[in-house]
Structure formats: C-alpha cells, structure tokens
Amino acid sequence: MQPRVTAVLVVRNGEEWIDRTLEGLAAQTRRPDDIVVVDAGSTDESVARLTAAGASRIVTAPAVPFGDAVERGLAALGPAETGGDWLWLLSDATAPEPRALERLLAAVEVAPSVAVAGPKLVDPDDPTRLLSFGESVSRYGETVPLVDGELDQAQYDADSDVLAVAAPAMLVRRALWAELGGFDPGLPAIDSGLDLSIRTRLAGARVLRVPDARVALLAAPEDAGRRRPAPPRLRFRMARIARLHRRLVYAPGGALVLHWLSLVPLAVLRSIGHLLGKRPHLVGAEFASAFSAAFDGSVPAARRSLRRTRRIPWSAIASLRVPSDELRERRAAERERRAGRDTEPELVRASFFGGGGAWIVLLAALIGLGMSWRFLQAEVLRGGALLPIGDRVAQLWSTLAVGPREGAVGLIGPADPFSAVVAVLGSITAWNPSFSLVLLWITALPLASTGAWWCATRLSERRWPPIVAALLWMLAPPLLSALTDGRPAALLVHLALPWLVLAGLEARRSWSAAATASLLLALVAAASPVLAPALVVMVVVWAAVNPRAIVRIVGILIPAAALFAPLAVWQFARGTPLSLIADPGPVVPYAEPSGWHLLLGHPSASDDRWGAVGEAIGFPLGTLAPAVLLAPIAVVALLALFLPGARRAIPSLAVALAGLATAVASVHLPVAFAGADAVGPWPGAPLSLYWLGLAGAVVVGVDAIAPAGVLTGSIVLIAAAVAVGPLAAAPVLGAGSVEAGSARLLPALVDARADADPGIGTLVLTAQADGSLRASVARDDGTTLGEFSTLVTTRASVREEDSDLTWLAGNLASRSAYDPSEALEDLRVAFIVVPELPDGATAAQATTRQRTSEALDASPLFTPTGNTPLWEYTALEETGGQPGPSLADIAVPLAQGVVLLIALLLAIPTTRRRRAVREVAPDEAPATTFDEDDDA
C-alpha cells in the first residue's frame with residue numbers, strides 16, 4: 001500500500017512564480033493524493049491565477065508565517081486517515097521537477113526510520129547549481145549550509161544522512177509533524193526547517209536528503225510575500241534573531257539566564273567585529289536582534305515543546321554537527337571568494353622605495369634636521385601659538401569635559417575639538433606630553449613629503465611626478481610659515497591634507513578608507529575650523545559624483561560633526577555662530593597679508609622675507625622675486641588644463657580656488673580677540689589647501705608632458721626652492737618666533753601652591769599697546785595649549801563676571817582704598833602676575849605696567865616675591881581642591897569618543913588589497929589605464 005501524500009501549497013504574493021510552481025506540481029509522475037492551497041494574505045493576482053489553474057481547495061488566511069499557513073491548511077483537511085500519511089510542504093516559489101515526489105517517496109519507503117526528507121534545491125536558471133542540499137550547525141549553534149551555490153557534480157550524493165534539510169519542498173510524516181507541533185512560531189522565515197529537523201532527530205527519527213529529487217527554488221524563504229528581495233541588513237537581522245532564538249530554546253535550564261544576560265554584551269562585541277570587518281550597516285541589526293531575542297515571548301513554549309518530545313540526548317546528534325576545523329576551512333574559502341569578487345584592478349604605480357619616494361623622505365629628513373637643529377635638545381617649544389601641553393596625560397583628557405573654561409570667570413561650556421587633538425598628541429609622548437610638539441617640528445618635512453608622495457601616486461603612474469609633488473609640498477610657504485611662526489594647528493593641517501585627499505578618493509570603494517578620511521577630516525576641521533565649509537562642499541560634490549558610494553562618502557563628515565556639535569549649539573545659543581571658524585589655541589595677531597601675498601602662498605605680510613634680502617643687497621625685491629620664481633608653478637598648473645589628464649587637473653585647481661577663497665575670507669573675518677585687537681583665522685591652513693590644489697595640477701601637467709617631464713619638474717622645483725629660501729633660512733638663523741623654552745607657564749611658586757591646593761587662581765594683568773589693561777584668571781599652573789577655548793577668545797560682549805573682573809583689575813592697578821579681599825576669595829586668586837613688556841612695547845604700555853606694579857607693591861594685602869613680577873595674596877585659605885567632573889560633564893566627550901572609536905575600528909585595515917606594482921620609467925607610457933580610477 002502506497003503512503004498517502006498531502007501537498008500543502010502556501011501562496012503569498014507569488015504571481016511571478018505561481019504558474020511555474022503549478023506546472024511542476026501538475027507534471028509530477030507521482031501525483032499527491034490531496035492538494036490544499038493556502039493563500040496567506042496575497043494582495044496581487046496570485047489567487048486569480050490559482051483559480052484559473054483549476055485549484056478547487058483554497059484556504060484563505062491572513063499574512064501569517066509559512067508554518068502557521070500550513071497548520072491552517074491541515075485544519076481544513078481534517079484528521080489524517082492513516083498513521084503513514086506524509087506532508088509535502090511547498091511554497092509559491094518552489095517548482096518541483098516531474099519526478100521529485102516520486103523519488104522522495106522512494107527514499108523514505110525503504111527507510112522506515114526516516115521522518116523528514118529534503119530534495120536538492122537548485123537554481124531555476126541553472127539547474128546544475130545547488131542552492132541548498134542539507135543543513136547543519138556548528139559547535140556553538142551557528143547555521144551551516146552544507147551546500148551553497150556549488151555546481152552539482154554528484155559530490156554529495158553518497159552521503160544522505162544529515163542533521164537537517166531546508167523547509168522548502170520538505171517531505172515530513174504527518175504524525176511527527178503533529179507531535180512536534182510543526183514549525184517553531186519563533187522562526188517564521190529562517191531556520192524553520194533546521195529546527196524541525198533537529199527536533200525530529202531528538203525525537204528518535206532520521207532526516208534524509210534525497211539526491212535524485214530536485215526542486216527549483218525561485219525565491220529565498222525570507223523573501224516570501226515581498227515584491228523585491230530583502231536587503232542584506234534585513235537578512236542578517238532575521239538570521240541572527242533565528243540563531244539567538246534557537247540558542248535560548250536549546251540552552252540547558254541552568255545556562256538559560258546566562259545566555260539571556262549575555263545577549264547585549266555579545267551584541268557589543270560582535271558590533272566591534274562588524275566594524276573591523278567593514279560591515280557598519282550590520283551594527284544596528286545586531287542590537288535589534290539582541291533586544292528582539294531578549295524579549296521573545298515564544299521561547300518558553302518552544303522549550304516546553306522540545307522537553308516534551310525529546311527522547312535521545314543531544315550527544316546523540318553531535319556527530320552530525322560541522323567540526324570546527326571544517327568550519328574554519330569553509331570560512332576561509334568564503335573569504336577568498338568574496339575577496340576575488342570584490343577586488344578591483346589597481347593602477348600600476350611606482351613603488352615607494354624603487355620609485356624614489358624613500359630617497360625624497362630621507363632628503364626631507366636631513367633638511368628638517370638642518371632647519372630645526374636648535375631644537376634637537378629641547379623638551380618644550382615656545383613662541384607664536386606654541387605653548388606647553390602640560391605634564392600629565394590625565395589632565396589633557398580631563399579638559400574635554402564640559403566645565404569651566406580657562407581664561408574667563410564662570411564661563412561653562414564644551415571644550416574645543418582641538419583639545420582632543422592636543423590630548424592625542426600629548427599621549428604619544430606620555431612621559432612628557434609637550435615633547436610631542438618638539439618631535440612634530442623636527443619631523444614635519446619628512447612627514448609632509450611622505451604624504452604628498454603617496455597622494456601624488458593617485459594622480460600619476462610615473463616616478464617623477466610624485467617626487468615633484470613631495471618636494472613642492474615640503475617647500476610650501478604655508479608649511480614653512482607655520483614652522484617659523486609657531487602655528488601647531490596649521491602644521492597639523494598641512495601634514496594631514498594629502499592623506500585626507502588620498503583616503504577621500506578611495507572612500508568610494510572602501511569602508512576603511514572612508515573611516516580614515518573621516519578621522520583626518522575631523523583632525524583638519526578641529527585644527528582649522530575655517531576650512532570646514534570648503535571641506536564639506538568637496539565631500540558633498542564627491543558624493544554626488546559617486547552616488548553608489550554616497551553613504552560611505554557622506555559618512556566622512558560624521559566624526560567632525562560630532563566634535564563640533566556641542567560647541568555649535570553653545571555658539572548659536574549665544575548668537576555668535578560665526579565664532580565657530582575661529583582658530584583654536586591662543587590668539588596671536590599677525591600682519592595682514594595683501595591679496596598678492598595670499599596668491600604667493602604667504603599667510604602674513606611678515607612672512608615675505610625677500611624684503612629684508614633686498615634691503616641687504618640694495619635692490620627692492622619685495623614680492624617681485626617670489627612672484628617671478630613661483631611663476632613656473634602657475635604656468636604648469638594652468639597648462640595642465642589643456643593637456644591629457646585635464647579631468648584630474650580641473651578638480652585640483654578647483655581645490656586650489658577653494659583654498660584661496662577661504663584664505664581671503666579668513667583675513668576679513670576677525671572673530672577672535674587678543675586684548676584690544678580683533679584677529680581673524682590665520683590663513684596658513686587655507687593656503688595649504690590652495691597649495692595642495694596647485695601641486696596636484698602640477699603633477700598632472702608634469703605627467704602629461706612625459707618627454708620633457710623631468711626638465712619641467714626640475715625647473716619648477718628649483719624655482720620654488722629659491723622662492724622660499726629666505727623663509728626656510730629663518731629658523732636656521734634663529735629669526736623665527738619658535739625657540740626652545742620652559743614647560744613652566746607661571747612662576748615656580750605658583751606651581752608649588754597649585755600642587756598643594758588644586759584649583760587656585762592667578763590673576764594675570766597684561767598691559768596693552770594702547771595703554772589698557774587685560775585681565776584674565778589662570779587656574780593651577782597656567783593655561784596650556786589644550787585648555788584654550790574659543791568660547792573665551794571669541795567673546796564679543798561683556799558678561800557680568802567680566803565686569804566684576806574688570807572692576808577688580810582696575811582697582812588693583814591703581815592706588816585706592818578699595819578692599820579686594822572678597823573678590824579675590826570668590827575667585828580663589830592666590831597670586832597676581834604682571835608679565836614683562838614685550839619687545840617694541842609702546843610708552844603707554846610701559847606706563848600702565850609700571851603703575852600696576854607700583855599699586856600692587858603699595859597694597860598691604862600682597863607680598864611681592866623677589867624680583868619676579870609676582871605678588872601673593874597670602875590670606876587665601878586652602879580648600880583641598882575642586883571636585884572632579886560629574887557624569888553629566890563627561891557625557892558629551894564620551895558620546896564623541898564612541899563616534900570616533902567606531903570610525904577608528906572601521907579605519908583599521910583587516911584585508912589585503914591586491915595591487916600590481918611595477919617600476920615605471922619617467923618617460924615610459926602608462927602600461928595600464930582605468931579612467932574610473934584616474935579621475936581625481
């Protein structure tokens with residue numbers, strides 16, 4: 001007697017495939033004894049097609065999972081007639097071959113212990129390709145498909161016993177189906193067949209895969225009812241929820257709580273793995289899966305059902321799991337397939353060592369040592385905007401908390417983004433944080449040439465153009481001016497810009513490059529906020545040009561936005577949004593450059609050293625000499641517009657124009673204040689962007705005129721070297737602002753008192769050139785580079801606290817009967833400092849300082865300390881220090897740190913990229929060209 005077979009066909013929005021499925025069902029050589037069709041909430045023409053095909057028994061159901069729809073169809077059939085009935089579970093996306101059911105039944109008839117059988121699921125367009133043929137799990141419950149996209153060469157036909165088979169086209173005993181309760185409601189789409197098979201095995205029955213039975217799988221089970229395939233993020237989420245559900249169901253009673261508690265911590269760890277694996281789109285799905293599994297109400301019922309039906313121990317099916325070594329091999333093979341599929345061809349480029357890059361860096365290092373020989377034994381650099389960073393790493397990071405800002409009384413607000421940069425910089429040399437600036441000054445030229453060389457290899461395949469770019473970038477007037485005038489923020493910008501461009505260009509196809517670019521953009525914006533608008537525009541344009549990578553490219557802006565968001569909120573709240581572009585650190589006035597100076601790359605009028613050279617030789621050189629000497633750069637850059645490769649020259653010159661426009665705007669936007677002087681952002685950083693664009697266009701031009709490229713590049717380099725010669729000689733001759741100095745910002749007595757009584761204040765009274773007096777309060781051992789705040793330096797209105805401080809300073813600077821004790825106690829001021837006069841001080845400035853010093857000497861409240869310009873207010877009592885920042889104070893930097901950490905994890909390279917590297921002669925034509933990669 002042949003067994004009775006009932007085919008249950010579940011249809012849900014399957015009009016695209018239902019005809020092929022019905023045709024396959026009708027062509028069966030062994031027809032099912034009964035067919036029931038379940039319409040699970042179709043909204044398309046599926047039902048009409050079923051009716052037209054002659055389907056007489058259609059059960060209407062709402063949009064329920066596949067297992068629930070099967071139950072509704074069986075309920076309409078009534079009870080089984082015999083104990084040997086079988087169910088053939090089909091969906092609208094399973095088209096069986098004519099002998100599929102016949103061969104399934106033939107396999108189970110000779111094996112009475114088999115309760116579940118599964119066919120080969122094949123590609124409908126290529127039946128020789130297997131989509132699924134058996135499933136298993138790893139030691140830790142991970143789903144492992146035994147076959148996934150392989151060609152069918154009968155390699156699996158001999159091994160029929162498996163742990164599980166997929167749900168589509170599964171043949172299952174109806175009695176066992178009823179005993180097990182069908183598919184687990186907690187597994188609506190993925191792993192439902194795996195779970196049923198495992199429970200079948202634990203109930204004492206066998207699961208078989210039948211190699212001769214073939215069914216075309218027209219759509220994946222997770223796409224049931226969908227108009228289009230589910231996106232990868234949703235597929236991952238569904239698979240992860242299924243795995244976590246099974247873990248909670250299968251876990252022993254004693255380990256259930258531990259598994260439940262580990263859901264969120266595991267999500268955190270796995271999210272880190274996703275970031276390292278450059279899969280940030282899965283992080284949200286990871287946490288969503290964890291919370292969904294944690295509050296999955298179907299777990300208790302599934303555990304009861306498993307406990308009721310299990311007859312053999314778990315160890316009995318352990319041999320059917322995939323061993324760990326085999327799983328590792330499968331994963332390695334999958335990684336290789338993915339790498340081969342994702343790898344793009346690379347340009348053939350000159351190597352760093354064989355192409356001359358290493359020699360150029362060595363040359364730059366020797367020149368840098370010659371320029372900074374005065375600093376070789378220094379531990380701290382002073383001058384210009386250079387200040388000590390501090391002597392404790394913990395102090396550097398504590399400044400990032402929201403709290404009182406140095407230099408102003410009672411001013412509470414967030415730290416500048418540049419404070420985070422200083423904290424990272426100081427942490428590099430944790431034994432002496434300020435020494436990191438010494439290293440930065442000494443290594444600036446080789447670091448600059450290295451970045452420019454690598455960036456130029458993105459524009460040219462030849463050896464000579466990257467060498468020209470490296471030397472031009474090393475000889476850039478903004479770089480030499482930053483080294484001479486003591487501008488650490490601008491120096492960092494100059495060093496980071498080539499790497500930012502290189503990473504930004506690669507961001508269209510690499511998460512690692514995009515994350516690296518985001519960190520570099522955050523660094524550049526933090527060091528020179530005035531550059532932020534130009535950088536944002538460039539990122540948006542690059543995203544528009546590469547719409548397929550728009551998410552990665554626009555994401556470059558996220559870390560910078562996170563760093564600036566608190567400061568932006570504060571500045572907008574007080575009505576000074578333009579103050580966001582102010583330079584971080586101390587405000588240092590500079591000689592306003594003319595348009596001609598800016599065009600030549602000089603950030604200030606004082607950086608043009610040719611005037612002094614002309615006076616020495618008796619010939620008025622002025623800006624004429626550098627203009628003539630830099631003319632070859634302009635000629636080659638403009639000529640690149642009309643040569644092959646103009647598609648790369650145009651963006652380069654657009655970048656140069658953006659940098660020049662930003663430099664011009666910064667000179668005319670005085671947003672910060674140094675005493676009575678209004679100062680705009682130093683234009684050196686924008687001019688670095690300007691020079692970067694020019695250098696890029698020169699690289700394209702030199703590359704295009706290959707026969708004369710070496711000669712042209714040599715002329716450009718020689719002229720540029722002579723043009724900046726006087727500026728480069730300034731630090732060598734000691735004519736710059738930077739010098740080796742002391743780490744002490746205030747007299748030693750103040751440092752000693754600050755160690756014993758943290759939080760004490762020192763009132764600094766500084767005479768100004770116009771005869772006025774500037775008053776500020778420095779805490780502990782003085783205001784370090786990272787403690788400066790643009791909230792203080794950009795104040796355009798006088799607050800009540802400022803008025804009180806002004807009143808106190810004015811009375812202290814003049815002899816009067818005023819008693820400052822209460823004000824000093826409120827401010828916790830223990831010392832008063834009247835700094836020495838600078839070189840070139842005015843008569844009014846000297847008069848103000850002398851009057852202030854005499855008034856303090858005459859007051860009985862203050863004790864002068866020898867010959868130093870320091871007076872001590874001895875009546876101030878020690879308070880034992882100030883409380884540390886609260887959790888609310890560090891919440892903002894913690895949130896910013898999480899964003900930066902995510903970007904850092906994404907930036908860490910975890911895969912090797914294939915690159916064909918071949919040395920290319922200077923006059924050799926490119927061997928390989930990919931226009932898509934060439935476009936800068």
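This report goes through the overall build of the chain and then some of its salt bridges.

## Ground rules

This is a predicted model, where local features need pLDDT of at least 70 and side-chain atom pairs count only at pLDDT 80 or more, while totals for chains, interfaces and linings use all residues. Residues are numbered from 1 along each chain as its sequence is written, and side-chain values use heavy atoms, with hydrogens and water left out.

## Overall build

The C-alpha atoms fill a box of roughly 120 × 75 × 50 Å along the principal axes. Of the 936 residues, 53% are buried (under 20% relative accessible area; exposed is over 50%, partly exposed in between, with a 1.4 Å probe and protein chains only).

Now for contacts, meaning heavy atoms within 4.5 Å. Take those between residues at least 6 apart in sequence: 77% of them join residues at least 24 apart.

## Salt bridges

A salt bridge here is a side-chain nitrogen of Lys or Arg within 4 Å of a carboxyl oxygen of Asp or Glu. By that rule you get 30 of them.

One of them pairs Asp19 with Arg49, with the closest N and O atoms 2.7 Å apart. Asp19 sits in helix H1 and Arg49 in helix H2, 30 residues apart (helices are DSSP runs of H or I, at least four residues, and strands are runs of E, at least two, numbered from the N terminus). Asp19 is partly exposed at 35%, and Arg49 is partly exposed at 33%.

Glu97 and Arg214 also pair up, at 3.4 Å from N to O. Arg214, in strand S12, is 117 residues away from Glu97. Arg214 is buried at 15%, whereas Glu97 is partly exposed at 31%.
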